[in-house]
Structures are given as structure tokens and as C-alpha cells.
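Subject: Structure for your files

Dear colleague,

Here is the structure I said I would pass on. My notes follow below it.

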Amino acid sequence: MKFVWASVLLVAGLPLLAAGTQDSEFNVNTRYTVEDVQVAGDGWTTHLVSDKDSHISFHLRQDLLALIGQKLNTSALDDVARRLRKEFRARTVERHVLRGKSPQTVQVVFDIEVRPARFDLAVPKFAYVSNQGWNGAGEATATIYHHAFTGGVVSDGDELLERYTGFQARYENTRLFTDRLHFRFEYDDYHELWHDRTRVESVTDLYRARQIVEPVLTYQIARPLSLSLGASFEQLQPIDPAAHIEAANAVILGAHFRYRTENAVDEQLFDSGYDLRSGAHTLASDFAYNRHHFEFRYTWTRGKQTVMDDAIAGVLTGRAPLYERFSLGNSSTLRGWNKYELDPLGGNRMLHNAVEYRYGAFQAFYDLGAIWDAGEAVIARSSIGAGIREGPFSIAVAIPMRDGRIEPVLIVGMNY
Amino acid sequence: MTERPRATGFTRRSWLLAGLAIPLFRARAAANFALKYDGDNLYPDAPDIHFLTPRVVARLRDSADTQAFISELKIFGGSGPDEPPIRQAHARLVVSYSLWEETFTVAIPGIRTQQGLSVQQAEAWCFENLAVSAAGLDPSKPYRMRFELRSVRRTDLNRVLGDVGISLVNMIDIFSRKAGADEPNWSRELSFRLMDLPRITGRPGRHG
């Protein structure tokens, strides 16, 4: 029954989202070239070509400038309008397209209507994996200018070895003194559920609840590069009530690089990141460890075709809490495999690569990865799959490549 | 209690007249709806339906975007309200307006596209290209045809996706809004027998 509902949700949602992207192919105005772009706000107007002002953030301004000289692409305009709405916390961003000064050219005007406060309810993620169950999150956000206050609930058994269920509270400031500096403060309170296989493997390392306080500053050094610095203070309540509460405090460092290039026919996106979480006794932590996580994603698009390669690797040293250990075999890695079958306690070494080909809404993928503990033999596993993806929605069947039997696994959901 | 209707201006007579008028509106709608038959397909003909309203045209001119419409033709064998159609055809019409040529382009994705049209020509072209197959229908048997046309707002669909995922606030806003001036829709219905319909020639041979 759960499968039926998930399929209905996805199948009903996909055509709605597909319609918008398909229609732009039949727009007669796509033959015209964008001559100029203007952005108009509350009492101000910026001509992107000639003006220099501080209303628009550097990277968004660059993307607006990149529209000039290109053929009119209403999907790209919608994307920019959405980002303007997000950046200015605007109620609406209307876009108008006028004839340009030269023949066969057009001018684009974005009209921003700002509202000082707004409220939104959102579903950031939901996913159903037939061998691991449902996962989902819902949140409410109140935004006042650049300040966003969010409260949400989550139940996720997909991301980590544990199923964590609880609430999240978050404050974000997207323009702390400058639009390049972003501050986030988060408090989470989760209760944990453990899989039977994990319980059998380890009792002493399990916890029944954890509370997290996490302040993080992110600085946009240049358009493609950002650095993050923060801290994570976690309290782990052990399953045994007699045992003492443990602290897992860590420093967080991150560097992320995102670069997009395009010509008349191709678009390429390079996305890479490195994250370090370092726990130390000097931070009043009961755990001392270093967790390194690397990611590199390359996306190449030509027309309706997209090829993606997503590589991740992880190294964990020292004694770390279970939520820091790596696992593979969920809705985005080694799809089709069951993570508890691969390693119910996770590993401290991880390597994974996913290759995906998309044609329109159709997708096919091949996952290859290994998870192990240092000193153990490395066993590589793989899976193949196919499905339909439109925007953030996806429905796919994944098949783990193993000897002797075929066990397809259904994966449906959004934003995973 | 008897004073209340007079105070609001609605007497029993006005209610009676209004009730009698409802079937007349339906009859008028049916009178403005006809079918054309080329021996293979049935084509709707509704000269009073002007789906390229001034509001739609103004939006197309202002945004250089597209406006999509969904059409649905259903043939029923009986007159029961819950009876399933014995034949149906759906089509998606995508209209855009050229800023420099000042003409309309209409596309039925995957079927055909026509450029350089006026408002009237664009509407007429759409009706000429909407069809449902009549193959296998008994010429002497009465059938019922239901035609529906509704606009689809692309911007609303995009709004469903918020900054972090599906925005429930926007979704509630979109789905709670009644079909009105923003999303007009039209519906026509009529009974027919194939043997009574005049034959036409020169239509595109499209089966719905």
C-alpha cells in the first residue's frame, strides 16, 4: 500500500513539473538575443551592463550578466527570478520582456516586490526505499528581511546508520554585515532507533537520544569558492540509563567549489567539496577523531542529455560516535543495497562513485563503492538502476549486482 | 421570516426565474457547440469560446513566455453521469507571442506547429487540430460529446517548488484557488449521431 501511495504521489507530480520545462521548446521568442537586463526594486533600478551597485550579490549579478548576449531562455529567467526572490526575500519577482533597441533583441526587466516578512511551510525531503522504509522532513520558516527562523520535524533512516526522529530549530542570517557572509545556528533534538543488526554488533556505542547545537559561518571568497567554519556540540544519551551522558564536540571546517561553464551547445558543472569534523578532548569531548569527507561531481549537459559522475570518499580516524561513521547502501549510494547488510556498524573508510545518464526525464545509473574499516579487506560492490527523474522528484528501480539472485529495490521521493 | 427575502431583493419569483434560466444558459451553450466530421475524426466547433482572452494576450506580450492549454474530448455511449467514456482524446496546446513579428505561434507538442497567426487565427487553428477518432462508432446510434478546455499556469507550477523543497503554503494557495479569471476553463456538451453530422473535407487526418 505504501508503494502505491508513493507511486501515485510521484506519478501525479512529475507531469506538472515536466510541463513547464517542455513548453519553453515551443516559445517563438527563444530565437531573440538578450540585449540588456535590468533589476528594479523598491525605489531603485540597476542596469546590469552599466551600473555598479551593491543591491545584488556578486555571484547572482554575474549570472544575470551571463544572460546578456545569449538567446532568450525563459527557464533560465525563471531560475534567476527564483534566486532573486530568495536573495531579496521578496514576495514576488515579476519579469517583463521588451523589444530591444536592435532588431531581434530583447530587454529583460526583473521587478522585485519585497515584503519584510513571510511564512512558509516546506517539505525539504521525502523518500521511500522499499527495503528500508519511509524518510521525510517538514519545516516551517518565518523570514524577516535576511533573518530566517525555522522549526521542523524529521524522521530519517536513510542518511545515517540510525533512524533519527525529532525536531530541528534553526536561525539563519544570509547577509551578516555583507552578502558574502552567512551565519547559521541550529539546535536539533533526536531520538534514535537502531536496526537489529546494529544492535547485535554493538551495544555499548549505541545511544537513545542526542541533542545538537551547531553554529556555522560561511564566507563566499569568490563566486565559485566558499569556506565554512563552525562547531558542533552534541550530547549523547546512552541506552543504559545508568551510563553517563557523553559529549561529542567537534570543530567544523569546509571548503566548497562550484564552477559552471557553457557554450552554445554544452553546459558543464563542476562541484566539489571537502569537509572536516574534528573532535578533541580539549573541546570537552569524550570522542577524539578526525572525519574527512571529499566530494566531486561533474555534470555535462547537451540538449536533453545529461551525464553525471559523482565521486565521494571518506576517512575517519580516532574514536568517533556512530553518526560520524560512513555507510553506503541507501537512496543515493550503492542504490539497491541494504546498508545494514553491507556493514551494520558502518566503516571508517569509504569510496563511492555513481555514474548517471539522463535523457529528458529518463535516468539510468551505475553505482560502485566500498566501505570498510582500516586494515580490513576492501570489497567493491555495485548496482545498476533506471527510472524517471523530473526536477527534484525521482522514481527508480535499483538492482544490486550480486551472484545468483536479482532483488530489485524501489526508490521514490524528492531531494535525495 | 417572510420579510427576509424582500429585504435582500430576492423574492420567490426571482428565485423561480433564476431557476428556469439555468437550463436556458445550458441550452445556449449547447447551441454554440457543434461537431464536424470528416469520415474518420470528430472536430469540436465552439465559436463562442475565446480562450486567448485579453488577459492571456497581455501576459504573453509582457512576459515573452508561453501559455499552455489542455483540451479533452470525450464521447459517451449513454447519458448517465458516471458513465465512462467510450472514446477520449487529450491535447496540449502551447501558445507564444513573437515580440518582433507581433504574431502568435501555436504548437501541439509532437504533432505540429503553426507560426504567424492573429488571435482569431490562433484560436481557429487550435480547434481545427483538436480531434477524436470516430472509427468504429455506430452511425445511427446516439452519443454524447463532452469538450473541455482549460488553461495551465506555468508560473504556479514552478512556485510549488520553494527554496528548500515543496512549499506547502504555495501549494495550498494554488490548489485552493477557484478556477476563475486567472485560470479560465470552458466546457461544452452535446448529443449527436454520426449520420446527422455534415461531412467536411480537407482536415488534417489526426486521430486523438
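Helices (H or I, at least four residues) and strands (E, at least two) are taken as DSSP runs and numbered from the N terminus. On that basis chain A has five helices and 20 strands. The model is predicted, so local features need pLDDT of at least 70 and side-chain atom pairs count only at pLDDT 80 or more, while totals for chains, interfaces and linings use all residues. Residues are numbered from 1 along each chain as its sequence is written, and chains are lettered from A and ligands numbered from 1 in the order in which they are written.

Confidence

pLDDT is the predictor's confidence in each residue, from 0 to 100. Its mean over chain A is 87, and 92% of the residues reach 70 or more. Over residues 1–6 of chain A the pLDDT stays under 50, and the model has six contacts for them beyond four places in sequence; a contact means two C-beta atoms, placed from the backbone, within 7 Å. Residues 8–21 of chain A are also below 50, with 22 contacts beyond near neighbours in sequence.

Chain A overall

Of the 416 residues in chain A, 30% are buried. Here buried means 20 or more other C-beta atoms within 10 Å of the residue's own, exposed means 12 or fewer, and partly exposed is in between, with C-beta atoms placed from the backbone. Among contacts between residues at least 6 apart in sequence, 53% join residues at least 24 apart.

A helix pair

Helix H2 (residues 58–67) and helix H3 (residues 74–87) of chain A pack with their axes 11 Å apart, at an angle of about 155°. Axes are lines fitted to C-alpha atoms, for helices over the stretch in contact, and angles run from 0 to 180 degrees between N-to-C directions. H2(A) contributes Leu60(A), Asp63(A), Leu64(A) and Leu67(A) to the contact, and H3(A) contributes Ala76(A), Val80(A), Arg83(A) and Glu87(A).

Two loop residues

Phe177(A) has a positive phi, near 70°, without being glycine. This residue sits in the loop between strand S8 (163–173) and strand S9 (181–193) of chain A, and counts as exposed because it has 8 C-beta neighbours inside 10 Å. Ala284(A), likewise not a glycine, has a positive phi near 65°. Its loop runs between strand S13 (266–279) and strand S14 (289–302) of chain A. Ala284(A) is exposed, with 9 other C-beta atoms within 10 Å.

Regards
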